[in-house]
Amino acid sequence: MSCPPRRGIMRTEVVVVCCLAVLLACLLIPLVSQSRNTSDKMVVKDRLRQMGLQVHTYHDRYRSFPVMPGPVPAAKPAQPARAPENKLP
């Protein structure tokens, strides 16, 4: 007697599909992060271009470049932390 054909999915098929899914994920994750970095760089370049255009528009209107409203404060060097002094009577 012959066995009736089995229905359903075999374990090896499930393992193969899972391996393919992991392989695709491993290939796609670096591409997604690379495209995100590229888009971030494009945003920065576009903002710098817009700032340059705004500065030149200001210059065309007022015949001078914009200046800062005041002096730039100098950064203070960090002071090392001191241990509290114990004052005994």
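## Ground rules

A residue is called buried under 20% relative accessible area, exposed over 50%, and partly exposed in between, using a 1.4 Å probe and protein chains only. The model is predicted, so local features need pLDDT of at least 70 and side-chain atom pairs count only at pLDDT 80 or more, while totals for chains, interfaces and linings use all residues. Residues are numbered from 1 along each chain as its sequence is written, and side-chain values use heavy atoms, with hydrogens and water left out.

## Helix α1

Let's start with the helix. Helix α1 covers residues 11–62; helices here are DSSP runs (H or I, at least four residues), as strands are (E, at least two), numbered from the N terminus. Just after α1, R63 takes a positive phi of about 60 degrees.

Side chains of opposite charge can pair when their charged atoms come close. The count here is 1 salt bridge, meaning a side-chain nitrogen of Lys or Arg within 4 Å of a carboxyl oxygen of Asp or Glu. The partners are D46 and R49, at 2.9 Å from N to O. Both sit in helix α1, 3 residues apart, about one turn of the helix. D46 is partly exposed at 31% relative accessible area, and R49 is partly exposed too, at 48%.

## Two tyrosine rings

There is 1 aromatic pair. Rings of Phe, Tyr and Trp (its six-membered ring) pair if their centres lie within 6.5 Å; planes under 30 degrees apart are stacked, over 60 edge-to-face, and the rest tilted. The ring centres of Y58 and Y62 are 4.7 Å apart with planes at 45 degrees, so this pair is tilted. Y58 and Y62 lie 4 residues apart in α1, about one turn of the helix. An α-helix has 3.6 residues a turn, so residues three or four places apart point the same way.

The disulfide count is 0, a disulfide being a pair of cysteine sulfur atoms within 2.5 Å. The sulfur of C18 is 7.0 Å from the closest cysteine sulfur, in C19, which is too far for a bond.
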